[in-house]
Amino acid sequence: MAHVRSLFFEGAASESEGKALEAVKLGRPSSMIWNITNRCNLLCNHCYMAADGHVLPDQLSDEECMNLVERMKEAHVPVVFLSGGEPMMRPNFWEILEAVHEAGVRPTVSTNCTFITEENAKRLKENGVRWIATSMYGPEEFHDNMVGVPGTHKKVVDAIKTLRRNDVGVVLKTALTSETYEFIYDIIQMCKDLDCGMIYICDLITSGRSEGEEDLRVTNDQWRELCDFVVQDMLDPECTLDYDLGAIPSAIPYIAEQLIAKGANVTKGLDRLQIMSACPVGKGHMTVNSEGGVMACQFAQDWTVGNIREISFAEATKRLFEIDHAESKGQCAPDKCDYSRICRGCRVKAWQRTGDAMEEDITCILHPQERVIPADIKEKFSINTAPCQGNCGC
């Protein structure tokens, strides 16, 4: 994931990006997604977790959750995304949120918005929540069919209005598939109309309820078309919307190329990408699932480096940084791609396809045979040195 405007210019996520970058330099966790429950009241047909109404048998207890918050504080975790499933279905959600806020860790909540009321919006704001993230897949009937519960679209729209009245920022999330692609520009406009500050557009991850659905991924041409639109939007002085692109790291060097070709100064972004690549795997980013498993990415539930019950944050972070010490293979290798160290390819897609996280990302939109890298741009992006082998993680 990469916040495009905040990466190359200044945007809604600039402050959080800065904190994450400093954490990486210090060898600390750069960000954390914590799935506090696997339960969900929706049944999204592409859910990579296949979340439902059941509690997993080895879920962290309430006491373990409070202990984990204290450990997050000691580890100087800058920001935590409380997620699920639907996090507000956990009975002690508010206790966890209040503890996170009191610990000085900045909380963001990923919710389907079906539990948002005026009172809850105020309570989120009081507990330091500057942003919530919620999903939108298309017009009302289509969206409700996607999530499996009629009336959800209206609840989401009403909740967004309630949150904005209470000065809580909103990230509108969507999965880009062959089914949702026709609605993507309408969703972007909805984001602007509802005063959302950011839109998160994620390539399809084929696990959970979408396992085996690779044919639902959009084409490279469609991704490039969308990236061209993002570039034009960012260069529009009237537009302040930030774009976060997930599970498609090759989109970032593609966008940088387009910005450079249009005369934009992207030095800030290039400098940042040398430290923290477009794919955050191995850069201190971690996900902790509801059972305590430490994952390199939230999209790979079966790729864990240990359990937070048994290992320290320092050890967990060290194991995650070790992933970055290995070089990508195939078309993602440094001798094949000049963008290898700043893009990295989507490590989760490689893991799910082959069982080897360092294998090539076959969904790259920058296949060498399809393009010629201009010499001046190639020079700026050529970062073929091996990653730092020290404990700093940089």
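## Salt bridges

A salt bridge here is a side-chain nitrogen of Lys or Arg within 4 Å of a carboxyl oxygen of Asp or Glu. The structure is a predicted model, and the count by this rule comes to 23 salt bridges.

One of them joins Arg 165 to Glu 118, with the closest N and O atoms 2.7 Å apart. The two residues belong to distant parts of the chain: Arg 165 is in helix H7 (residues 152–165), Glu 118 is in helix H5 (residues 118–126), and 47 residues separate them. Arg 165 has a relative accessible area of 56% and is exposed, whereas Glu 118, at 32%, is partly exposed.

## The H8 and H9 helices: a charged pair

Lys 192 and Asp 233 also form a salt bridge between their side chains, at 2.8 Å from N to O. This pair again links distant parts of the chain, with Lys 192 in helix H8 (residues 184–193) and Asp 233 in helix H9 (residues 220–234), 41 residues apart.

The two partners fall into separate accessibility classes. Lys 192 is partly exposed, with a relative accessible area of 30%. Asp 233 has a relative accessibility of 8% and counts as buried, because the cut-off for buried is under 20%.

The rings of Tyr 185 and Phe 229 are arranged edge-to-face, with 4.9 Å from centre to centre and 65° between the planes. Both residues are partly exposed, Tyr 185 with a relative accessible area of 25% and Phe 229 with one of 31%. Together with Tyr 181, Tyr 185 and Phe 229 make up one aromatic cluster.

## Other aromatic contacts

Over the whole structure, a search finds six aromatic pairs. Among them is the pair of Phe 93 and Trp 94, which is edge-to-face, with a centre-to-centre distance of 4.9 Å and an angle of 75° between the planes. Phe 93 and Trp 94 are both buried.

Glu 327 and Arg 341 form a salt bridge in which the closest N and O atoms are 3.1 Å apart. Glu 327 sits in the loop between helix H12 (313–323) and helix H13 (340–343), while Arg 341 is in helix H13; the two are 14 residues apart. Glu 327 counts as partly exposed at 26% relative accessibility, and Arg 341 counts as buried at 6%.

This bridge is part of a wider set.

Eleven strands make up an open sheet with mixed pairing, in the order E1-E8-E7-E6-E5-E4-E3-E2-E9-E10-E11. Strand E1 (2–3) and strand E11 (304–307) are at the edges; each has a single partner strand, so one side of each has no neighbour in the sheet.

Within the sheet, strand E3 (residues 79–83) and strand E4 (residues 106–110) run parallel and are joined by four bridges. Leu 82 has Val 109 as its bridge partner in E4. Strands of a sheet pair through backbone hydrogen bonds, in either a parallel or an antiparallel manner.

Key: Residues numbered from 1 in each chain as written. Predicted model: local features only at pLDDT ≥ 70, side-chain atom pairs only at ≥ 80, totals over all residues. Heavy atoms only, no water. Buried < 20%, exposed > 50% of the residue type's maximum accessible area, 1.4 Å probe, protein only. Pairing = 2+ DSSP bridges. Phe/Tyr/Trp six-rings, centres within 6.5 Å; stacked < 30°, edge-to-face > 60°.
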